[in-house]
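Open the model in your viewer and keep the sequence panel beside it. We will go from the whole chain to single side chains.

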Amino acid sequence: MKKITTISVLALMAGIILVSCDNKRQPGKIYMPDMAYSRAYETYAERDSNVFTANPALRGSSKIFYNNTPVAGTIKRGELFPYTLTDDSVGYAKSASVPNPIASMTDAEMSEAGRLFNINCAICHGEKAQGNGPISTSGKIGGIANLTLDNYVKMADGTMFHSITYGKNLMGSYASQLDRKQRWMIVKYIRTLQPKAAAAVPATDNTQKATK
Ligand code: HEC
């Protein structure tokens, strides 16, 4: 009789152990759901669609709303205010009136801007912005702008920023690779590669001397 009890107790324990190891991914009974299902984003973690929803319309329902994106209007620390002109001809036309928010740059900032230009832009535009980078000379993409030409010298900083932000024809957008400050910095750097604007430098005026 004693033997039978011992055997059945052992069998029961073995059974419980086996059953409890069934699925390690299942937390079993949850009495603190916020701890069992973290609200924080866990890299590569699969979110349980019975618990989470990415649909803003279901916010406040029994499900936890979470869609990985920052709250609307969030500005990264140190980042400039959002650029609001739209990616169309109206936005392009208006962009010329947007001033470059960066008044001046230190030598270190200028060399950082140059580094970013060489990484992102020189492949097409060339290190001297003359439109003769490796992709241009290979003939794979035609019509790459020579940014040292007069029309680009005269082009407003805002227009350049607009085109870098949204892309233009064969040139893609750089909004996801470069933040707003970096894009404005690159515009400033392009200016250092351009010859001084023929229009901006007033032709030496000799008339005054002559009449005097
Ligand atoms: C894939 C090649 C390519 C790369 C890379 C590239 N561009 Fe361009 N870029 C072009 C082409 C092509 C044009 C001419 C677009 C047009 O006017 O049709 C252009 C035009 C421009 C213009 C003139 C825009 C205008 O409104 O007319 C600027 C300024 C410019 N690029 C800056 C940059 C900067 C800054 C970078 C790096 C962040 C860059 N580009 C990277 C191909 C490229």
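**Before you click.** This is a predicted model, where local features need pLDDT of at least 70, side-chain atom pairs count only at pLDDT 80 or more, and totals for chains, interfaces and linings use all residues. Residues are numbered from 1 along each chain as its sequence is written, and side-chain values use heavy atoms, with hydrogens and water left out.

**Whole protein.** Show the cartoon. Ten helices and two strands make up the secondary structure. These are DSSP runs numbered from the N terminus: helices are H or I with at least four residues, strands are E with at least two. The order along the sequence is α-α-β-β-α-α-α-α-α-α-α-α. Of the 212 residues, 27% count as buried. Buried means under 20% relative accessible area, exposed over 50%, partly exposed in between (1.4 Å probe, protein chains only).

**Ligand.** Select the ligand and the residues around it. There are 24 of them, and Tyr92, Cys121, Cys124, His125 and Met171 come nearest. To count as near, a residue needs a heavy atom within 4 Å. Now pick out the side-chain N or O atoms. One in His125 is 2.7 Å from a ligand nitrogen. One in Ser163 is 2.6 Å from a ligand oxygen. One in Lys168 is 3.0 Å from a ligand oxygen.

**Salt bridges.** The structure holds four. The criterion is a side-chain nitrogen of Lys or Arg within 4 Å of a carboxyl oxygen of Asp or Glu.

- Select Lys76 and Asp179. Their side chains meet at 3.4 Å, N to O. The pair links distant parts of the chain, 103 residues apart. Lys76 sits in the loop between strand E2 (64-65) and helix H3 (89-95), Asp179 in the loop between helix H8 (157-166) and helix H9 (180-193).
- Select Arg191 and Asp157. The N to O distance is 2.7 Å. Arg191 is in helix H9 and Asp157 in helix H8, so the bridge ties together parts 34 residues apart in sequence. Arg191 is partly exposed at 21%, while Asp157 is buried at 16%.
- Select Lys154 and Asp150. The closest N and O atoms are 2.8 Å apart. Both residues lie in helix H7 (residues 150-154), four residues apart, about one turn of the helix. Lys154 is exposed at 51% relative accessible area; Asp150 is partly exposed at 36%.

**Last stop.** Select Val9, Leu10 and Met13. They make a nonpolar surface patch of about 290 Å². Leu10 belongs to helix H1 (residues 2-20) and counts as exposed, at 53% relative accessibility.

Key
Patches are made of residues with over 30% relative accessible area and no salt bridge: like charges are joined within 9 Å, nonpolar side chains (Val, Leu, Ile, Met, Phe, Trp, Tyr) within 5 Å. Accessible areas come from the Shrake-Rupley method with a 1.4 Å probe; for residues, only the protein chains shown count as cover. A polar contact is a pair of N or O atoms within 3.5 Å; within protein, one must be able to donate a hydrogen and the other to accept it, and residues adjacent in sequence count only if both atoms are side-chain atoms.
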